Amino acid sequence: MSTLNILTDTQPAPRQRLPKWLKRPLPKPGMSFTSNVIDDLNLVTVCESAKCPNRTECWSHKTATLMILGNVCTRPCGFCSIAKGKTETVQIDEPERVAEAAARLGLEHVVITSVTRDDLPDGGAEHFYNCILAVRERTGADIEVLTPDFRGDRAAIHRVTEAHPDVFNHNTETVPRLYHRVRRNAVYQRTLDLLIQVKETDPTIITKSGLMLGLGETREEVLEVCADLRAAGCDMITIGQYLQPTPENLPVERFLPPEEFDEVGDQVRAMGFKLVASGPFVRSSYNAGEMAAVLGNDS
């Protein structure tokens with residue numbers, strides 16, 4: 001079995017040029033509609049803040065992942081380009097603006113994520129709850145949330161599940177050995193426990209998680225994490241290529257070719273997940289509506 005290169009803390013990898021399979025198209029005219037909606041409603045998207053390589057495609061199709069609770073995060077994750085520092089005041093009218101954006105964009109599957117807000121007593125769970133209800137009342141769309149771990153606060157996690165999102169996503173991101181560099185202040189078991197709690201609280205909610213490859217993990221470690229996620233009752237998993245968003249973020253240790261993502265995907269599917277998406281440009285919210293629709297049609 002082939003393995004992924006292992007990163008050592010003492011030998012940082014040099015910055016690499018993107019291989020040909022990771023080139024993305026230039027912006028298209030259709031992007032302006034999505035951009036105008038976001039700007040007009042004074043909203044934030046993870047598409048922009050995290051410098052997602054799929055933004056051109058998604059925004060051209062009037063699709064965006066809305067990010068609530070501000071644009072400043074309380075955790076210094078090594079992979080993420082979202083600003084860290086003094087957080088912003090929670091905007092009470094944000095749920096209504098999120099719902100309005102979903103309506104204007106004509107979204108049938110709305111993905112709502114957030115920065116991590118360890119400074120809030122409930123980590124922002126009540127705000128998630130209010131956003132879910134507002135979007136559902138305004139649009140009737142399916143709703144997927146991509147949440148932080150709420151520091152393992154079971155009451156906070158339960159509050160989000162009380163709003164009954166159709167999909168509850170919480171990303172594992174990487175393997176446990178690399179958490180201290182990639183997901184500082186996160187705890188691997190806490191991630192698994194969150195997914196377990198969601199399923200125990202409401203088995204009808206689809207649970208989902210995601211991994212980035214190319215940070216120094218081995219194939220064996222990836223498969224072990226996927227096995228743990230499946231044991232936690234996780235229904236869907238996304239596996240994509242990590243891309244360094246800024247020079248200040250962790251470097252890419254290896255660009256995996258598409259055929260290797262296919263191999264990993266096949267191995268993970270054999271574990272019994274209901275749906276697996278594995279490829280260089282796969283992201284947790286990329287084509288989320290299509291993924292959920294496939295799972296819904298199969299159920």
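## C77 and C73

C77 is buried, with a relative accessibility of 16%; buried means under 20% relative accessible area, exposed over 50%, and partly exposed in between (1.4 Å probe, protein chains only). This residue lies in the loop between β3 and β4 (83–84). Helices (H or I, at least four residues) and strands (E, at least two) are DSSP runs, numbered from the N terminus. Apart from neighbours within four places in sequence, C77 is in contact with K84, V182, R183, R184 and N249, where contact means heavy atoms within 4.5 Å.

C73 is in strand β3 (residues 72–73) and counts as buried at 10% relative accessibility. With neighbours within four places in sequence left aside, C73 contacts I82, A83, K84, G85, V115 and T116. UniProt, in an unreviewed entry, places the feature "binding site" at C73, C77 and C80. UniProt positions are given in the numbering used here, feature names are shortened, and annotations may be inferred rather than shown by experiment.

## Model and confidence

This is a predicted model, in which local features need pLDDT of at least 70 and side-chain atom pairs count only at pLDDT 80 or more, while totals for chains, interfaces and linings use all residues. Residues are numbered from 1 along each chain as its sequence is written, and side-chain values use heavy atoms, with hydrogens and water left out.

The protein chain has an average pLDDT of 88, and 89% of the residues score at least 70; pLDDT is the predictor's confidence in each residue, from 0 to 100. Over residues 1–13 pLDDT stays under 50, and the model has 35 contacts beyond four places in sequence for this stretch. Where pLDDT is low, the predicted coordinates should not be read in detail.

## A second annotated group

The "binding site" annotation in the unreviewed UniProt entry also covers C47, C52, C58 and S285. These residues span 239 residues in sequence, yet no two of their C-alpha atoms are more than 10.2 Å apart, so they gather at one spot.

C47 lies in helix α2 (residues 46–49) and is buried, with a relative accessible area of 9%. C58 is in helix α3 (residues 55–60) and also counts as buried, at 16% relative accessibility. Not counting residues up to four places away in sequence, C58 touches T63 and Y286.

T34 belongs to helix α1 (residues 31–40) and is buried at 0% relative accessibility. Beyond its neighbours within four places in sequence, T34 is in contact with W59, K62, T63, A64 and L105.

R104 lies in helix α4 (residues 94–105) and is partly exposed at 36% relative accessibility. Not counting residues up to four places away in sequence, R104 touches F33, V37, D40 and L41. R104 and K62 are 42 residues apart in sequence, and their C-alpha atoms are 9.3 Å apart in space.

## Packing of α5 and α6

Helix α5 (residues 125–139) packs with helix α6 (residues 154–162) at an angle of about 5 degrees, and their axes are 8 Å apart. Axes are lines fitted to C-alpha atoms, for helices over the stretch in contact, and angles run from 0 to 180 degrees between N-to-C directions. The two helices α5 and α6 are therefore roughly parallel to each other (angles under 35 degrees count as roughly parallel, over 145 as roughly antiparallel, 65 to 115 as roughly perpendicular and the rest as oblique).

In α5, A125, E126, F128, Y129 and I132 meet A156, R159, V160 and E162 in α6. By class, this contact has six nonpolar, no polar and three charged residues. Ala, Val, Leu, Ile, Met, Phe, Trp, Tyr, Cys and Pro count as nonpolar, Asp, Glu, Lys and Arg as charged, and the others, Gly among them, as polar.
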